[in-house]
Amino acid sequence: MVTEAFIKVFSLTFFFLYLLIAFAWPTVRTYKSTGVNPVTFGTSDTAHDFIGRWFKILIGLTLISIITSWFPDGAYQYLSPFTYLLIPVLHLVGVVLGVLSLVWISIAQFQMGNSWRIGLDHQNKTQLIRHGLFGISRNPVFLGMLVSLLGFFLLLPNALTLLVLVCGYVLIQIQIRLEEDFLVKQHADEYIAYCKKVKRLI
């Protein structure tokens, strides 16, 4: 049985574990291995950097939703929870999706090796990865992120987590297309042939 106390502890623990495993550790690993900072989002007014800023905002909103769930029920009501979704089986599905998505993302990042980036790296040409999970999905990391957002929504179904889910989906879809244009310029026919064989997500 997935209790309310379990949801609170799991959500907060998983949030920081997710940031560590999915973002912090790959960043440090790639930098130590290559000397290249894999985080390429900047502060300019381009679409690329605009998306980067909004990803950070969504991370902040997610944390706000988690912290608010620890407050007395009166405070959490301000997030307009969807009470009809407060079902143990859906909470369990949320936990399973969250864990599986993090494992999936970790495998995909490991398979990317030194080609892993957060954003578009115009300074360093990276290898086109087509093996492992990338033989199933052209964007397995983004696919994992979408699944994790859905899982989190099922854990804490409210207006704020729904906003994060919808905005996250839109931002990821835009970022995928920016990366596709970028990879066509970097790898030309090699990437075009890859796109014909492997679907964008799954």
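Let me start at alanine 188, which takes a positive phi of about 50° just after helix 6. Helices here are DSSP runs of H or I of at least four residues, numbered from the N terminus.

Some ground rules. This is a predicted model, in which local features need pLDDT of at least 70 and side-chain atom pairs count only at pLDDT 80 or more, while totals for chains, interfaces and linings use all residues. Residues are numbered from 1 along each chain as its sequence is written, and side-chain values use heavy atoms, with hydrogens and water left out.

Back to helix 6. Its 29 residues reach 41 Å from first C-alpha to last, close to the 42 Å expected at 1.5 Å a residue; that expectation is 1.5 Å times one less than the number of residues. At the start of helix 6, a side-chain oxygen of asparagine 158 comes to within 2.9 Å of the backbone nitrogen of leucine 160.

Now the packing. The largest nonpolar core has 51 residues, and Tyr18, Met145 and Ile172 touch the most other members. Such a core is a set of buried Ala, Val, Leu, Ile, Met, Phe, Trp, Tyr and Cys residues joined through side-chain atoms within 4.5 Å, where buried means under 20% relative accessible area with a 1.4 Å probe, protein chains only. Helix 5 gives the most to this core, ten residues. Beyond its neighbours within four places in sequence, isoleucine 172 is in contact with Phe55, Phe142, Met145 and Leu146, contact being heavy atoms within 4.5 Å.

Overall, the protein has seven helices and zero strands, and 47% of its 202 residues count as buried.

How values were computed. Buried < 20%, exposed > 50% of the residue type's maximum accessible area, 1.4 Å probe, protein only. Helix = DSSP H or I, 4+ residues; strand = E, 2+ residues; numbered from the N terminus. Polar contact = N/O pair within 3.5 Å; in protein donor to acceptor, adjacent residues only side chain to side chain.
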